[in-house]
Amino acid sequence: MKSYPPEPFRIKTVETIRRISRKERETALAAAGFNIFGLRSDDIFIDFLTDSGTGALSDRQWGAMMQGDESYAGARSFFRLKEAMSQIFGFKHFVPTHQGRAAEHILSTLLIKPDLYIPSNTHFDTTEANIRARGGRPVNLVIEEAADPAAFHPFKGNMDIEKLEAFIKETGAENIPLGMTTITNNATGGQPVSLENIRQTSEIYRKYNIPFFIDACRYAENAFFIKTRETGYTEKSTLEIAQEIFSLADGATMSAKKDALVNIGGFLAMNDDDLFQRAQNELILREGFPTYGGLAGRDLDAIAVGLWEGLDEQYLEYRLGQTAYLVEGLHDAGIPVVLPPGGHAVYVDAGSLLPHIPRDEFPGQALSIELYLEGGIRGVELGSVAFAYTDPETGEKHYPLMELLRMAIPRRMYTQAHMDFVIETFKQIAERKDSIKGYRITYAPKLLRHFTAKFEPID
Ligand code: F0G
């Protein structure tokens, strides 16, 4: 029998969850326009929609929140966060934001002009959308192995360094106001990026004088992968690894809702004094005064504690062990999953599970619907619904690398019995997979369509 390291915590508060009947699930789904984002959480049994802001706080975080200082300016909470920030990330400046995309928004507003290019290993959807919203062009240069769900590569989130340099030469550094890398690489399976790769990426950006920003949402999980998978890092602590990672960059955007183990928050960090000045002005316009940035003082305290808890190695061993347990259980049951296991989520290769459904009929969407109908489980499509787009100039349609269904695992929330239930549910779905049909879109907004699009089944 497989298992994973036991939870390095015990449960102090519980929240009841219920599984409504299949008939009730059918009704709920139709009312939601066959989009799992439209469901009420009460109608969901196990919620793997996202690991963002959905985790459990610790007693230490709750305790720290009671000490939140709600002063408008210069609050103690801000300085406690600043201390944690400077020890872990080491950037000269930062501004708190209410979540990750607010940091992306500010950064994009300050640096991006129409028709400029922003390379990354793979941008997350909100980053892409923020770049496009300024008229910029996001470019994804992840290594080729990332496109093959079954290809084993310990750092499948890596940037393709040769492609990056070729891209910069071809595009001209003057047309690239910043370069990024996302750790872990969410859009291609929560796969980690090696320190060697981050270093090479940094060298290339520095060679061409391009400011380098890290999308740091899941930096602690990435640091633990480096510790366990990369030669030369076994003896280093995750803190030391994180410090080394950020010493290679000029700044970072972060959604604290991931590896800082909080329900809300984020930040934009940087070394450049002038950029910091401009970021503060932008922050005041959009988020709030620079010592709270759209958050309550207690939120800043929860982040300050959560940043340390997120780096704890016993926690990370359990956390990544849980993800690996689910991946292995599904793999053993014959469900095609992205291998090796990534950090925060399990990615089912819906394209190969449902090969009879064409990409334009959204196999990942169809699978998300079946998962809900069968088990009351909510996972999200990360395939052509989320990422396919038509180039405005050429009219050419671009598809993402894979048609995935993501099950993101909230931090410190679900147990091994929940994971076993998910595996059993997939076995049921696999038995009748040939009868599963595709979907067509009946409504979609221009940007980030997967959140609010509506669908109907194709007969
Ligand atoms: N960057 C990455 C890599 C992310 O995964 C996310 C959010 C963001 C930026 C934006 O942060 O939500 O705080 O504004 N990802 C969530 C997810 C939503 O489900 O993967 P945010």
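Student: Which residue just after α5 takes a positive phi?

Tutor: That residue is G135, whose phi is about 85 degrees. Before going further, note that this is a predicted model, in which local features need pLDDT of at least 70, side-chain atom pairs count only at pLDDT 80 or more, and totals for chains, interfaces and linings use all residues. Residues are numbered from 1 along each chain as its sequence is written, and side-chain values use heavy atoms, with hydrogens and water left out.

Student: How many residues of helix α5 are buried?

Tutor: Helices here are DSSP runs of H or I with at least four residues, strands are runs of E with at least two, and both are numbered from the N terminus. Buried means under 20% relative accessible area, exposed means over 50%, and partly exposed lies in between, with a 1.4 Å probe and protein chains only. Helix α5 spans residues 125-133, and seven of its nine residues are buried, namely D125, T126, T127, E128, A129, N130 and I131.

Student: What should I look for around the ligand, and which residues are closest?

Tutor: A residue is near a molecule if one of its heavy atoms lies within 4 Å of it. In this model 17 residues surround the ligand, and the closest are T50, D215, S255, K258 and R406. Helix α4 (residues 100-111) gives the most to this shell, with three residues.

Student: Which classes of residue form the shell around the ligand?

Tutor: Ala, Val, Leu, Ile, Met, Phe, Trp, Tyr, Cys and Pro count as nonpolar, Asp, Glu, Lys and Arg as charged, and the others, Gly among them, as polar. On that scheme the shell has two nonpolar, eight polar and seven charged residues.

Student: Which side chain has an N or O atom 2.8 Å from an oxygen atom of the ligand?

Tutor: A polar contact is a pair of N or O atoms within 3.5 Å; within protein, one must be able to donate a hydrogen and the other to accept it, and residues adjacent in sequence count only if both atoms are side-chain atoms. The side chain at 2.8 Å is that of Q99, while S255 places a side-chain N or O atom 2.6 Å from a ligand oxygen, and a polar side-chain atom of R406 also lies 2.6 Å from an oxygen atom of the ligand. The protein covers 95% of the 470 Å² of accessible area that the ligand has on its own, areas being taken from the Shrake-Rupley method with a 1.4 Å probe and, for residues, with only the protein chains shown counting as cover.

Student: Why does R412 count as buried?

Tutor: R412 is buried because its relative accessible area is 14%. R412 lies in the loop between β14 (404-408) and α16 (416-431), where its side chain reaches the backbone oxygen of A56 at 2.9 Å and makes a polar contact of 2.8 Å with the side chain of Q61. Contact in general means heavy atoms within 4.5 Å, and, leaving aside neighbours within four places in sequence, R412 is in contact with residues including F9, L261, E309 and Y315.
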